[in-house]
Every structure is written in C-alpha cells, then in structure tokens.
Amino acid sequence: MSKFSLWVNKEKEMIRHEFAHEKPKKIVVNALYILLGALLYSIADSFFIIPMNIVYGGVSSLSIILHWFTPQLSVNTYVLIFSWAFFALGLFTIGLKYSLKSLIFAIAYPLFNMFFEWLISVSVIDGVHIFDVTSISSIQLANTTIDADNPELLPVMYLVSGIIGGLLSGAGIGLTYVGGGSSGGTDVLSILMNKFFHIRLGTATFLTDSCIIFVCFFVNGRNLLPLLIGFITDMLCTQMIDKVFLGMNQYSLALITSPKWEEINNFINKDLGRGTTLLSAKGGYTKKDMTVIEVCFDRQDYPLIKQSIYSIDPDAFVTVMSTREILGYGFSRDTPKVDEKDVPVNPDETRKLIAKANRKRRRMDYED
C-alpha cells in the first residue's frame, strides 16, 4: 500500500471517529453556524473592508494588495483564488479533517462576496449606490458635506469602516468556530508555523497578520494611517472572536472543598445530574487530608449549583473557573432521548434522564 493510500485511510478513520457521536441535528446546526459566520464575514468585507481598502490580515487583505499590482481581475476574484489556494494547501499539508472543517466556509464566503458585490452595484437610488460606503459625497453631517473640500472627515469614515468591519468579521469567525468549523485562508499559514516551527498559534496568527499589514504599509506609499487602521481592525476582530466563541461555549469548572463533601457530592450527582470527580488533597497549612470535588457545568446551572452548595455548607471553599470547551458525555454529546414507547432503557440511562429533568425543574424553580 502506497504512502498516499495510508494517509487517506488514516484521514478517513479520523473523520469517521470525529462524526461517529454527532447526531444529524447537531451536524445541521453546526453547518448553519458556519454559514452564518461566512455571511457576517462577507458583509464585513463587501460593505466596509474591501471598498475602503483596509488591510488587516486574511484573504481579503492579500486580494486587495494583489489587486493594486494587477487590477485586471476584481478583488473578489482574487478572494476566490486565494480561498481555494489555501484550502488546497491545508488539504495536502495539514490533512483532510481540517480541510473538511473549512470546506463550507471556503465555498460560502466567496459566493457571498460576489452576491454582495452585485447587490451594491444594482442598488441605486437617485444615482447613488446606497450600499456603497465610498459614495460619501452626498452624506451631510451637521450641514457639512463629506467631499474633497472637507478631507479631514475622510479618515473618520476610514476608521468607522475599520471598526465595523473588524467587529463583524470577528463575529463571523467566532460563529464559525462555534459550529466547529474553520475560516481557512491565512489560518493555514499560522497552523503550519505552529507545526514546523513550534510557534504558538496566537503568536503565529499575529505574525501573519502583521506581515500582511506591513506589506501594505510599504506598497501603499508608507502611509501611517492604513497601518494604524489595519492594526485596530485586527485587534477588534480578535477580541470579537473571543467574545462570540467564549460567550456561546462558556462552561465552568468548580473545585469544592468542604467537610460535608459527601453530602454535596451526592446532591450534585443525584439531584443535579452532574458527574463529579473526587480528588485527594492535603491542606497546605493544616496538613490534613481532604477530598476536593471537581464538577463541570454550563453557565445556566451556575446560580443553582452555587446556592445548593452554600445551603449545605455555608463555609465551603469554592473555586469557579471559566473554561473554553468541555468535551464528552453530557456536553459535546447529548443525553440520548427516548421517543418510542416500550423501548427498554438501561438503569444508567434512566437515572441520567431523570436527573436531567430534575435539573431543569430545579433551575426553573430557582428562576421563579
């Protein structure tokens, strides 16, 4: 068997394992998240980033730079070329699993861009392209027209476009991550830098974007304003990615230390339906042996769990930490539902279903 066949079989096995535990409904929801992410990212590019020639990293920035040198093709045509070039690079250097995660985005994003380009060109009222941010000659601000006679207002429009574009593109990428996908593009370069040079992904992404922004600085007449706007847009995009991704996947991990640990542990397991891990520990000052309870839960359960712990032991020492993601049964894999009648359910599944219903009821009672 050739090396290529071995590689294909390995990738197929990884993909089969990846989707083995995913329900069809979950796969569809994830795909919708990725499509919505691609839509927001395309809105940012089509309405704000590309019209104002804002270079802040990514495929659109590379397309803008290349369009300056070879304007024979449109920026969106270069976006399509770069998107699929990076997709192919990721397929052969990172693997099929990563490429499948970026496939939906790689298809949808350029198509959305072309659609919005057409929409902007045909949306004309009284001779003005109403969706074109560069058509600012007819805008009145406090009886002042934004035109060549008032050049001091143009940087304001440039900055506003960078801010809105950065926030929208960050939200789009964040939703793509929520759906388990990837925006692809120059992310491939960051992953390769991590793979071959052991550079942290965050650092690699920053280096990649910075290189693109500085290229713009030198080919755009060493103008400082595009450089600053590029970095501002990039930082806003990064912050928005974290806000969206962490905001929609925010779980917590609690470490509970209490002499009444058995009572708390039983309550969490039986009444709240959450699994726990018991950790053996020793007090640093007292040198006494103790048991620490570790429990993971989503943010909706936090008020109920907090109230329950302190109702059992008001002096319990509780440390709560936010986590980016929790994988496994009950979090990334849902508790199975039984819709059919007369279908036998094993005792363990029955206990989990009852605990889930009790947890929902207790949460509703607490909110009331």
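This is a predicted model: local features need pLDDT of at least 70, side-chain atom pairs count only at pLDDT 80 or more; totals for chains, interfaces and linings use all residues.
Residues are numbered from 1 along each chain as its sequence is written, and side-chain values use heavy atoms, with hydrogens and water left out. Local features need pLDDT of at least 70 and side-chain atom pairs pLDDT 80 or more, while totals for chains, interfaces and linings use all residues.

Start with the second largest pocket, whose volume comes to about 270 Å³. A pocket here is an open set of points on a 1 Å grid where a 1.4 Å probe fits, with protein on both sides within 12 Å along at least five of seven lines; lining residues have an atom within 4 Å of a point. The lining counts 13 residues, with Ser46, Ile50, Pro51, Glu117 and Ile120 nearest the centre. Helices (DSSP runs of H or I, at least four residues) contribute too: α4 (75-93) and α5 (96-122) each give at least two lining residues, and α5 has the largest share, three.

Turning to helix pairs, α10 (residues 261-271) and α11 (residues 302-312) have axes, lines fitted to C-alpha atoms over the stretch in contact, that come within 10 Å and cross at roughly 150°. The two helices are therefore roughly antiparallel, a label for angles over 145 degrees.

Finally, helix α7 (residues 187-197) has Asp187, Val188, Ser190 and Leu192 as its buried residues, where buried means under 20% relative accessible area with a 1.4 Å probe, protein chains only. Just past α7, His198 adopts a positive phi of about 55°.

Key:
Buried means under 20% relative accessible area, exposed over 50%, partly exposed in between (1.4 Å probe, protein chains only). Grid points are joined across faces, edges and corners, and a volume is the space filled by probe spheres set on the points. Axes are lines fitted to C-alpha atoms, for helices over the stretch in contact, and angles run from 0 to 180 degrees between N-to-C directions. Angles under 35 degrees count as roughly parallel, over 145 as roughly antiparallel, 65 to 115 as roughly perpendicular and the rest as oblique.
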